[in-house]
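This report walks through selected local features of one protein chain. Please keep the sequence and the model open while reading.

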Amino acid sequence: MQNPPGEEPETSLSVTPPKKWAAGVPAVVHALEYSLEQTSPRRTGVDLLTMNQVGGIDCPGCAWADPAPGRRHRNEYCENGAKHINDEATTRRVTAGFFREHSVSDLAARSDMWLNQQGRLTEPMIKRPGSDHYEPIGWNDALGVLARELKGLDSPDEAVFYTSGRASNEAAFVFQLFARALGTNNLPDCSNMCHESSGFALNETLGVGKGTVSLDDLHHADLIFLVGQNPGSNHPRQLSALEEAKRNGGRIVAVNPLPEAGLRRFKNPQKPRGVVGRGTQIADRFLHIKPGGDLALFQALNLLLLEAEDARPGTVLDHDFIDAHTSGFEEFARQARTVDWDDVRAATGLTREEIEKVRDEVLRSERVVVCWAMGITQHKHGVPTIREIVNFLMLRGNLGRASTGACPVRGHSNVQGDRTMGIWEQMPDTFLDALQKEFGFDPPRPHGLDSVNSIKAMLEGRVKVFLALAGNFVRAAPDSEVTEKAMRSCRLTAHISTKLNRSHTVCGDTALILPTLGRTERDVQADGEQFVTVENSMSEVHTSRGRLEPASPVLLSEVAILCRLARLSVDPAKDIPWAAFEGDYGTIRDSISRIVPGFHDFNARVTRPGGFQLPNPVNEGVFRTETGKARFTRNERVVPRAPEGHLLLQTLRSHDQWNTVPYTDNDRYRGIHGSRHVVLVNPADLSELGLAQGDHVDLVSVWEDGTERRAANFQVVSYPAAKGSAAAYYPETNVLVPLDSVADMSNQPTSKGIVVRLEPTTDPGRRIREDGHHVSPTVAPSASADRR
């Protein structure tokens, strides 16, 4: 159960055996319990019965695709989606009185969970220079303060415009248009920190930065790889698709450093066998790989496929596809044949026999899909790993055919749509030319700042204003102390938000909170009630229409806030119809239809049941690469190693967590209850390190330049992690990752494969927060704590 919103949760760790299956009746019970704690039965019902339905509310929790209209279950949501939607629909409110009671300093010392539990923001607030309190401010005055700062900058490049993937297509389009009309391409987004490596690798090899599969492709694939992802917690509705694939005879290979419950068995609560039966086994084969060993695994598989072709010429590789649609095969093949099996074993922890058995699965399969998530992208060698996955798919022609392809599984519900709408610091000239043709001004051409470079620019005083459209930037970014120092160095920070989070407590000289409508709420503008659109992971665009009354009568929509701000900030000589955009979102979609390929007749097509599918050039045999063909690549071998007495740490989310926000201190599937300050370590490693379950340790990350970073007082949990590795929750461990630790080529922060040592904590009663402040944890068990 939840602690009352005015109290910090009490912490007392208890550990039970990890679950061997995901979902089932307990998932329904937990979803309803959390929802009913946040809001009324009526509001819970309205949300859950319309979520992910045609004409209903798109779940903000993840970007997984919906089944086709007519095939959707009445309850088309997962446990985490139900929690997330009703976390937003909560009846708890943050008012001006709350900010009078709590100073910024007080709020900065609170936990992420506590801040989120206070409820919905209800009116604009400002923290003025020298003050330690937010105070109310009217909308006109708040937007005026921000507009004056923007207009007073020496250069538009002194402002940064950050976007979270929760923003709708309409809001994202207006946001990037606003930034470019001011004169900057400084448009960092959450994709910079989660799937930038996917976009970079796929653009380079296939000419499109998106996945190439549909939900139907997954349903009918012969073989599906799940690599570096945990669908049971992070994209639970994917389990339904995997269940369908298994029903159709498909097989699944899971590749992960942890044996997650959702990778083992799924008990679908919407079907009788998921309620009273054993459910469906998901993974037919589980590869217990070391963190960062995935590149070596696919290099080894590719070598084995080449050798199988040598043994049976003309029967293994798809030479027609390779000859007609690819370049670079000969160079790739020469390097592939240099794979060293000792390096493969050291990198993966897997035997050659285990990998050969996977090769045999591949040879028996005509249609193969590879899915991956941040267990791949957040490594220094994330881009080469994805390029090697593409090599693997191309060898047997598993691209551009039905039930084959590449499937990066994204998190935020519209992170892919935001990028399509122009939220990227490196948009191509074709997009900028289309903006110029539509609106009559020449957008800036130099590339802008991504998330990491924005932080550096703030630290160096080159950025004065930070404006965020949703999100929790300081907790999503790496190097927590440095990131917060950067934010506090700004002249003004402003956040368009639905709920309180830590970014609101890390303020520039002046700070603004601009509260906005949530996805669940009715959006009525001058021309009537509006809807918004989103694009899911499989390039399907559909509507989302809120059903609840707004949390406060003074809330404005994201589009309204941005359009009003633009009218105050942008040179009126630029003929951009901001007022029309605010009054009728259909006018925004009309402009999008003339600018973004695939969005022709946007307004008409998106209102059809299920919306419409964007074209994917790969599936049409078109590869917009430098060679005009899909590109085989050569990727150097990487063997992640930890010195003696050290481990390779991966950061991850708990089951009861959405993005940076934990809903409880529990991680039910992994058997962790009552605390998030835990580190999961293989029992053999614990023995070698002289540690035991329950010991208190500091996590100390060690970097090549000799620097170290420390996350203090974590309790050790014996867990079947891959030998030589450990795992701990983020954002608590973001402090361990320096700002300069980024993926090669994509500049994405690296939160996986961190070399750490575990030092006994000298003062177990004292914990260091990520911002450097010392707090004393409560250790007495809560009478209401959920121990299930």
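Predicted model: local features only at pLDDT ≥ 70, side-chain atom pairs only at ≥ 80, totals over all residues.

Where is the place of serine 539? Serine 539 sits in a loop, with β21 (532-535) on one side and β22 (540-544) on the other.

Most residues other than glycine have a negative phi, and most peptide bonds are trans. Several sites here depart from that pattern. Serine 539 is not a glycine, yet its phi is positive, at about 65°. Serine 539 counts as buried because its relative accessibility is 5%, and the cut-off for buried is under 20%.

Asparagine 659 is a further case: its phi is positive, about 50°, although this residue is not a glycine. Asparagine 659 is placed in the loop that links β26 (657-658) and β27 (661-662). Its relative accessibility is 14%, so asparagine 659 also counts as buried.

One peptide bond also stands out. Between tyrosine 730 and proline 731 the bond is cis, with omega near 15°. Proline 731 belongs to the loop between β32 (725-729) and β33 (754-760).

How many residues of strand β16 (residues 465-469) are buried? Five of its five residues are, and the strand is mostly covered. In a regular strand the side chains alternate between the two faces of the sheet. In β16, Val465, Leu467 and Leu469 lie on one side, while Phe466 and Ala468 lie on the other. Both faces are covered, and these residues are all buried.

β16 has a parallel partner in strand β7 (residues 159-163), joined to it by five bridges. Within this pairing, valine 160 is opposite phenylalanine 466 of β16. Strand β17 (residues 492-497) also runs parallel to β16, again with five bridges. Here alanine 468 faces histidine 495 of β17.

Why is strand β30 (residues 696-702) described as largely enclosed by the rest of the structure? Five of its seven residues are buried, which is why the strand counts as largely enclosed.

β30 pairs with strand β31 (residues 708-718) in the antiparallel sense, over six bridges. Valine 702 has glutamate 708 of β31 as its bridge partner. The β30-β31 hairpin has five residues between its strands, and glycine 706 there takes a positive phi near 90°. β30 also pairs with β33, antiparallel, through five bridges.

Is arginine 419 buried or exposed? Arginine 419 is buried, since its relative accessible area is 18% and the limit is under 20%. Helix α22 (residues 415-420) holds this residue. The arginine 419 side chain makes a polar contact of 3.1 Å with the side chain of aspartate 189. A polar contact of 3.1 Å also links the side chains of arginine 419 and glutamate 196. Leaving out residues up to four places away in sequence, arginine 419 touches Asp189, Ser191, Asn192, Glu196, Trp424 and Met427.

Histidine 673 is found in strand β28 (residues 672-673). Its relative accessibility is 1%, so histidine 673 counts as buried. What does the histidine 673 side chain contact? It makes a polar contact of 3.1 Å with the side chain of threonine 16.

Leucine 32 lies in helix α1 (residues 25-38). With a relative accessible area of 38%, leucine 32 is partly exposed. Together with Val28 and Leu36, Leu32 makes a nonpolar surface patch of about 230 Å². An α-helix has 3.6 residues a turn, so residues three or four places apart point the same way.

Helix α2 (residues 41-50) has buried residues Arg43, Thr44, Asp47, Leu48 and Thr50. Serine 40 caps the N-terminal end of α2, with a side-chain oxygen 3.1 Å from the backbone nitrogen of arginine 43. Just after α2 comes asparagine 52, whose phi is positive, at about 60°.

How values were computed:
Residues numbered from 1 in each chain as written. Heavy atoms only, no water. Patch = residues over 30% accessible without salt bridge, like charges linked within 9 Å, V, L, I, M, F, W, Y side chains within 5 Å. Areas by Shrake-Rupley, 256 points an atom, 1.4 Å probe, with all protein chains shown as cover. Salt bridge = Lys/Arg side-chain N within 4 Å of Asp/Glu carboxyl O. Helix = DSSP H or I, 4+ residues; strand = E, 2+ residues; numbered from the N terminus. Buried < 20%, exposed > 50% of the residue type's maximum accessible area, 1.4 Å probe, protein only. Pairing = 2+ DSSP bridges. Polar contact = N/O pair within 3.5 Å; in protein donor to acceptor, adjacent residues only side chain to side chain. Contact = heavy atoms within 4.5 Å.
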